[in-house]
Amino acid sequence: MLIRDAEIHGEGRADLRIDGHLVTAIGTLEPRAGEPVIKAHGGALLPGLHDHHIHLAALAVRDASVPCGPPEITDIGGLSAALSQPGKGWLRGINFCESIVGGTLPDARMLDRMVPDRPVRLQHRTGRMWFLNSSALAELLDRAAPPPGLEREHGRFTGRLFDEDRWLQDTLGSTPPDFAAVSARLAAFGVTGLTDMSPGNDPGMARHFGQEVAAGKLKQNTVLAGALSLAGAAQEGWRLGPAKLHLHESALPDFDETCRWISQAHAQGRAVAVHCVTEVELVFTLALLEASGSLDGDRVEHASIVSPDLAASMADLGLHACVQPQFVHERGDRYLAQVEPRHHPDLYRLRSLRDAGIVLAGGSDGPYGSVDPWAAMKAAVRRLTRSGTPFTPDEALTAEQALALYLADPLDLSRRRRIAVGEPADLCLLARPWHEARERLDSQDVRITVASGRVIHQRVDQPPVERFARTETATA
């Protein structure tokens, strides 16, 4: 394949040839006989974007679920209406936020008043909690013994289920979902790679990822983070990523046992990726890594609240951070209203972390955040909430720095992927040059996405002569 007259990232205006899955030539190139030719017309040609923190299975099942939180649902009346779906089987609600019911966590009795005649499971927006009505409780407990995370008060189960996704899946007999639709959606954003950060990823889930790749349903280059047991799984269609540690401030794990777990991960040659959305979780993480020793590539996921002192400690330990810039836009108004003002400067830092020497990469946390990396880049540059309120604007990045968040090598976040001869042909072709695209940061500018040398997306909202990005068959 030959891409002609592209504004190649880091190279300037030139032609580019792809043979197999590699870039094999850059310069002024003549088409070969029968070679497909894409006319770029000076559009920016970028390395394909990589989502460094996503939960693909949860994203795939979201489309079959009912939105039960902001911005769609903002009060208890809206929640009740959303759950009033016709049918008799299981109803799955997602993105619930306790603010819509006065700051409380719902129990079975509350949900029974809304849906008394069918089983309901309602997922908290963090993905860490499920809320069950009485019908759902009865059906689940008829199939399996209650797990430790099923809350009990005064001798009865409340319907609140904490950190028991695997039990819920096993009890319901759930099978992993088809990835074709979400893979296509990501490709339309120019995403050619992803790192799945689900802590429950194990050899069984890895087999499913491999099967989806083999079937042509999952088209992105995939890295799997997750359990220690992943290290023993056959890497067919995926590469091994960090060991994932999901901390919860309300129930922090035993310190010594967790240090041993980190040492085991490091002995496998794997970095650890630690979920940190509170200051306490970050302090605990830093203490763990100081005690067990850090490994190049150890990373903090989210880095939601980071004081200057903690940022300095992260830098001293050589930690990387995977950030979600879009949360400032999506949730910023709520943060400003609910978080103590003294903590506002520490929320979702970007520039100051970068200036402290901390390597940054960008991830969506999908489905718990938007999976559009261009929206995240725009949020990183503008630092505005949904209502247009400035949110620590001194933490803003330039457009180039925001783009760089998605160009990191997933196995070495300190290395930026580039377009060069011999590099993988993972590419994102825009419909306009970078000096125009950087002012927009809009996914509508993505024209063609190439992963491992194959076109996995082409924009079709063009006249027929432009379809397949003006691909032509060259003549001798």
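## Nonpolar cores

The largest nonpolar core of this predicted model holds 70 residues. A nonpolar core is a set of buried Ala, Val, Leu, Ile, Met, Phe, Trp, Tyr and Cys residues joined through side-chain atoms within 4.5 Å. Buried means under 20% relative accessible area, exposed over 50%, and partly exposed in between, with a 1.4 Å probe and protein chains only. Leu56, Met314, Trp374, Leu430 and Trp434 have the most contacts inside this core. Helix α9 gives the most to the core, with five residues. In soluble globular proteins, nonpolar side chains tend to be buried together.

When residues up to four places away in sequence are not counted, Leu56 touches Phe179, Val182, Leu186, Leu194, Asp196, Phe209 and Leu218; contact means heavy atoms within 4.5 Å. A second, separate core has 18 residues, among them Ile73, Met110, Leu111 and Leu122.

## Basis of the model

This is a predicted model, in which local features need pLDDT of at least 70 and side-chain atom pairs count only at pLDDT 80 or more, whereas totals for chains, interfaces and linings use all residues. Residues are numbered from 1 along each chain as its sequence is written, and side-chain values use heavy atoms, with hydrogens and water left out.

## Packing of helices α9 and α10

Helix α9 spans residues 279-292 and helix α10 spans residues 308-316. Helices (H or I, at least four residues) and strands (E, at least two) are DSSP runs, numbered from the N terminus. The two helices pack at an angle of about 30°, and their axes are 11 Å apart. Axes are lines fitted to C-alpha atoms, for helices over the stretch in contact, and angles run from 0 to 180 degrees between N-to-C directions. Helices α9 and α10 are therefore roughly parallel to each other (angles under 35 degrees count as roughly parallel, over 145 as roughly antiparallel, 65 to 115 as roughly perpendicular and the rest as oblique).

On the α9 side, Glu279, Leu282, Val283 and Leu286 meet Leu310, Ser313 and Met314 of α10. By class, this contact has five nonpolar, one polar and one charged residues. Ala, Val, Leu, Ile, Met, Phe, Trp, Tyr, Cys and Pro count as nonpolar, Asp, Glu, Lys and Arg as charged, and the others, Gly among them, as polar. Met314 is also one of the residues with the most contacts inside the largest core.

Thr258 is found in helix α8, residues 255-267. Thr258 is buried, with a relative accessible area of 6%. Leaving aside neighbours within four places in sequence, Thr258 is in contact with Leu245, Pro253 and Leu288.

## Backbone exceptions

Most residues other than glycine have a negative phi, and most peptide bonds are trans. A cis peptide bond joins Pro70 and Pro71, with omega of about 5°; Pro71 lies in the loop between β7 (66-67) and α2 (76-83). Another cis peptide bond joins Gly366 and Pro367, where omega is about 10°. Pro367 is in the loop between β19 (360-362) and α13 (373-382).

Thr392, although not a glycine, has a positive phi of about 35°. Thr392 sits in the loop between α13 and α14 (399-404) and is buried, at 17% relative accessible area. Leu441, also not a glycine, has a positive phi of about 45°. Leu441 occupies the loop between α15 (434-440) and β23 (446-451) and is buried, with a relative accessible area of 3%.
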